[in-house]
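Subject: Structure handover

Hi,

Here is the structure I said I would pass on.

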Amino acid sequence: MNLKLKVWRQKNRNSEGRLVDIAANGIPAEASFLEMLDIVNDDLTRKGDEPIAFDHDCREGICGTCSLSINGIPHGPSETTTCQLYMRKFKDGDTIYIEPFRAKAFPVIRDLCVDRSSFDRIQQAGGFITARAGSAQDGNAILIPKQNADRAMEAAACIGCGACVGACPNGSAMLFVGAKVTHLAELPQGQPERQRRVLSMVAQMDKEGFGNCSNYYECEAVCPAEIPATVIAKLNREYAFAGAKDTVGVE
Amino acid sequence: MIGRIDSKIPSGPLESKWENHKFESKLINPSNKRKYSVLVVGSGLAGASAAATLAELGYQVKCFCYQDSPRRAHSIAAQGGINGAKNYQGDGDSVHRLFYDTVKGGDFRSREANVHRLAEVSVNIIDQCVALGVPFAREYGGLLANRSFGGAQVSRTFYARGQTGQQLLLGAYSSLNRMIGAGSVQMFPRSEMLELVVVDGHAKGIVVRDMVTGQISSYSADAVVLATGGYGNAFYLSTMAKGCNVTAAYRAYKKGALFSNPCFTQIHPTCIPVAGSYQSKLTLMSESLRNDGRCWVPKKKGDTRKAHEIPEDDRDYYLERMYPAFGNLAPRDVSSRAAKAACDEGRGVGPGGFGTYLDFHDAILRYGRVAAGGASLPESEMVARGKEKVKALYGNLFDMYHQITAESGYEQPMRVYPAVHYTMGGLWVDYNLMSNIPGLFVLGEANFSDHGANRLGASALMQGLADGYFVLPATIGNYLGTVAPDKRPKTDHAEFRAAEEATKERTQRLLAIKGKKTVDEFHRELGLLLWDLCGMARSEKSLTRALSRIPTLRAEFWENVNVPGSADSLNVALEKAGRVADFLEFGELMCLDALERRESCGGHFREEFQYTEKDPEVLSGKVCAGDVRRDDANFCHVACWEHVSDTAKPLRHTEPLLYEVVKPAVRSYR
């Protein structure tokens with residue numbers, strides 16, 4: 001199939017970017033979207049032009065690196081991530097817009113690559129359980145009811161891609177933060193730090209410039225890991241209780 | 001010149017070596033620990049756990065990764081599970097059994113003491129992961145669940161759905177984050193190590209390229225830890241992430257670190273087959289699927305009927321036939337060769353005939369019957385319930401298969417084919433995980449020591465975390481205790497400046513060529529060459545051919561590659577070019593190692609050395625005709641390659657493998 005791409009090109013963080021028309025010809029339907037870009041890049045290189053820079057790594061839907069907004073939707077018409085989108089979802093002659101995830105907290109580095117270190121800084125603020133290596137008790141010493149374990153697993157499946165932020169009109173990261181808060185709040189091991197975790201993570205989230213949730217649910221719609229929006233409800237509750245306890249001075 | 005290779009295996013009985021060694025190992029006083037600086041390259045399971053744990057102990061740690069976040073390391077993609085000798089299932093597991101299964105699985109080519117230690121700490125790893133909140137699957141009673149994995153007859157694998165690697169990595173990443181947040185680890189993402197710096201024979205730092213600005217910088221430290229993964233991408237098509245490379249390890253090799261057993265590459269039997277020439281990677285279908293899926297091909301050559309049209313009598317469940325004791329969970333090397341043999345005979349399925357079926361039909365019916373619990377239900381209802389159970393166990397894997405092939409594993413058998421997945425070879429390390437270059441430590445897949453000639457499923461995750469959480473933190477003091485704190489060389493030392501210059505010069509050289517072929521074209525050519533000539537079946541003829549073709553391809557690369565763009569910006573082609581340039585040298589080392597190892601063992605299959613129908617081992621039913629034939633008399637050793645110069649052949653040293661407890665035997669899975 002032959003396609004007309006409109007691709008965001010930007011030299012670096014401090015430059016202006018713009019959409020550029022690029023032809024993608026002779027693309028097999030079984031190829032993945034990123035393989036299509038590989039073919040386009042080969043062509044550009046042979047013509048002496050610079051290839052399109054885009055982030056990717058595992059190409060199997062788990063690392064969360066790939067971060068393309070396709071026709072305005074993070075990860076496009078894929079059921080999961082950009083790398084698992086196959087060209088059979090498009091028709092010969094289609095026009096496809098390819099942009100980086102758009103958010104104030106995800107500045108563009110080059111072309112389609114963005115800086116998502118804001119996500120890491122939120123995790124550094126509290127997305128962990130303090131347990132020094134070597135200090136653990138037997139894994140079976142704490143019984144974890146299956147339903148808690150399953151809910152924790154469901155929330156822990158977040159791959160940190162940032163599609164939720166890219167999809168949200170407010171640029172909110174609450175699905176991402178809610179996922180980690182929920183994962184650790186569901187587990188007995190997460191209880192000792194439950195209060196301070198949510199307060200620190202939300203404080204960092206606000207500092208990074210992410211917006212707030214106003215119930216669009218666009219995040220849930222694009223999330224490749226199927227994180228449910230209920231983690232945002234959980235985040236709000238955790239934050240409210242922790243905030244209240246903190247104000248009054250109880251645990 | 002390398003002197004005697006000293007593995008530093010402690011004396012005493014096998015079961016006490018590690019405990020005694022920890023007691024005998026040098027400790028660094030807490031107030032001195034903070035004066036030592038350690039660089040950790042790589043942030044996967046081994047790197048993140050090492051960086052976090054060393055920081056917890058008080059060392060100054062800097063951690064580097066090429067991805068945009070430490071959580072993107074390719075450990076994230078591991079699917080099926082992690083082994084731990086807990087014997088929670090009460091089915092006969094023990095530290096000794098895990099140790100033995102792993103040594104046997106490695107075809108008696110791993111270091112016995114290292115493997116025993118691995119089995120010992122496997123139980124601590126599970127505990128540590130649970131403590132960090134890793135959401136392992138649980139039974140209804142609240143206890144940890146287990147499943148079976150290849151090469152074992154016990155259920156010792158702990159898992160988190162089909163994404164155990166991600167969850168374990170996120171556990172280590174969370175500890176790393178805690179230390180970064182506390183200011184104890186400095187993290188450098190989007191940074192690629194391009195050179196190791198050796199001062200007076202000791203590893204004292206690295207040269208790094210900032211992948212956004214292109215800036216080349218040096219970092220000095222008292223010790224350097226490489227946790228940089230495997231070299232499977234030498235084959236271009238593999239289950240690795242696109243960025244995985246051999247550069248850090250190879251640079252260390254060129255600075256004098258011995259590289260061991262590079263020809264021990266693992267080919268995983270069940271990956272989604274290649275669909276076209278544009279394909280950029282291969283996707284793994286987890287070994288855990290083989291708990292329930294049955295591998296088969298048609299009995300007759302050229303049978304092109306659809307799977308559901310082929311009756312049971314016309315099907316060859318080849319693994320169950322060839323290896324009854326282990327069936328579909330026979331180890332990977334054995335299973336891959338069986339699949340290849342069936343396809344080479346013309347009985348392969350799918351486009352091109354390079355595929356075998358992984359069929360869940362029987363499992364769906366079985367689970368459906370169990371769910372019905374004796375009640376008489378219509379078949380469609382039982383099938384529906386069976387599918388639900390299979391979905392609960394493997395859901396995301398079936399989804400992934402569907403996304404890639406547009407086929408449903410619930411309705412028709414999955415098509416799979418062997419693909420490069422893991423590399424058992426790596427930089428040589430002693431019992432302290434230190435290379436022959438003092439101060440250079442190597443962890444995880446990047447080192448050679450624990451998996452011999454074939455790695456069992458669910459043990460890579462185990463080894464990465466063992467090395468990072470428990471082994472290195474205990475052993476690094478043996479080296480640091482010999483080095484005065486705060487006396488490391490500064491980055492303006494001549495060796496650092498020379499390394500930076502060499503890196504800049506190489507970068508400029510790559511950019512200046514401006515030839516006609518892309519980096520990927522060269523990479524694909526190398527990959528195909530290695531797969532054909534040094535893949536699942538190797539021979540003197542194929543390897544000699546590879547050894548004459550690779551240097552030619554390499555020479556063409558340095559004259560005809562086109563690397564667009566500049567050095568001082570984000571330049572993906574430049575990054576790839578450096579890695580492929582290294583693969584073009586490393587590939588030769590791999591083929592040389594395969595040629596010199598004149599035996600077959602584990603994943604290294606030499607056509608000249610296999611069991612035939614006439615051999616007593618085949619006649620007595622221990623092995624099948626065509627199985628690997630080891631030569632313990634001449635090759636029960638680790639091959640340790642020493643780089644001499646860019647033009648001379650490397651030197652092959654050996655470390656004899658002395659087994660105190662395990663008796664190398666005919667490796668039978670029948």
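Predicted model: local features only at pLDDT ≥ 70, side-chain atom pairs only at ≥ 80, totals over all residues.

Below is what came out of it, starting with chain B and ending with chain A.

**Chain B overall**

Chain B holds 18 helices and 19 strands. Its radius of gyration is 24 Å, close to the 26 Å that the globule rule gives for 670 residues, so chain B is as compact as a globular protein of that length. If you want a box for it, the C-alpha atoms fill roughly 80 × 60 × 50 Å along the principal axes.

**Where the two chains meet**

The contact between the chains draws 64 residues from chain B and 62 residues from chain A. On the chain B side, several helices put in at least two residues each: helix 3 (45-57), helix 5 (112-131), helix 6 (164-181), helix 11 (379-405), helix 12 (460-480) and helix 16 (572-596). Which of the helices of chain B supplies the largest share of the side that touches chain A? That is helix 6 of chain B, with nine residues. By class, the side of chain B that touches chain A splits into 28 nonpolar, 24 polar and 12 charged residues.

**Domains of chain B**

The domain assignment divides chain B into domain 1 (285-418) and domain 2 (495-635). Taken over C-alpha atoms, the centres of these two domains of chain B are 33 Å apart. Their contact involves seven residues from domain 1 of chain B and six residues from domain 2 of chain B. On the domain 1 side, helix 9 (residues 332-344) of chain B gives the most, with five residues. That side of domain 1 of chain B consists of three nonpolar residues, one polar and three charged.

**Two helix pairs in chain B**

The crossing of helix 15 of chain B and helix 16 of chain B is left-handed. Among the contact residues on helix 15 of chain B are B:Leu543, B:Leu547, B:Ile550 and B:Phe557, while helix 16 of chain B contributes residues including B:Leu584, B:Cys591, B:Leu592 and B:Leu595. Counted by class, the contact of helix 15 of chain B with helix 16 of chain B has 13 nonpolar, two polar and four charged residues; B:Glu540 and B:Arg554 of helix 15 and B:Glu585 and B:Glu588 of helix 16 also take part in this contact.

The other pair is helix 3 of chain B and helix 6 of chain B, whose axes come within 8 Å and cross at roughly 35°. Helix 3 of chain B passes helix 6 of chain B in a left-handed crossing. From helix 3 of chain B the contact uses, among others, B:Leu45, B:Ala48, B:Ala52 and B:Glu56, and from helix 6 of chain B residues including B:Leu168, B:Tyr173, B:Leu176 and B:Met179. The class count for the contact of helix 3 of chain B with helix 6 of chain B is 11 nonpolar, two polar and one charged.

**Chain A**

Chain A is assigned domain 1 (3-110) and domain 2 (117-248), with 29 Å between the domain centres over C-alpha atoms. The contact between the domains of chain A takes 17 residues from domain 1 and 15 residues from domain 2. The side of domain 1 of chain A that touches domain 2 of chain A has eight nonpolar, seven polar and two charged residues.

There is a helix pair here as well: the axes of helix 3 (residues 146-156) of chain A and helix 5 (residues 174-185) of chain A come within 8 Å and cross at roughly 155°. These two helices of chain A are therefore roughly antiparallel to each other, and their crossing is left-handed. The contact is made by A:Ala152, A:Ala155 and A:Ala156 of helix 3 of chain A and A:Ala179, A:Thr182 and A:His183 of helix 5 of chain A. That gives four nonpolar, two polar and no charged residues.

Over to you!

Terms used. Residues numbered from 1 in each chain as written. Chains lettered and ligands numbered in written order. Contact = placed C-beta atoms within 7 Å. Helix = DSSP H or I, 4+ residues; strand = E, 2+ residues; numbered from the N terminus. Nonpolar A, V, L, I, M, F, W, Y, C, P; charged D, E, K, R; others polar. Domains from an automatic or database assignment. Left-handed = near helix turned anticlockwise from the far one by under 90°. Axes fitted to C-alpha atoms, helices over the stretch in contact; angles between N-to-C directions. Parallel < 35°, antiparallel > 145°, perpendicular 65-115°, else oblique. Rg over C-alpha atoms; globule rule 2.2 N^0.38 Å.
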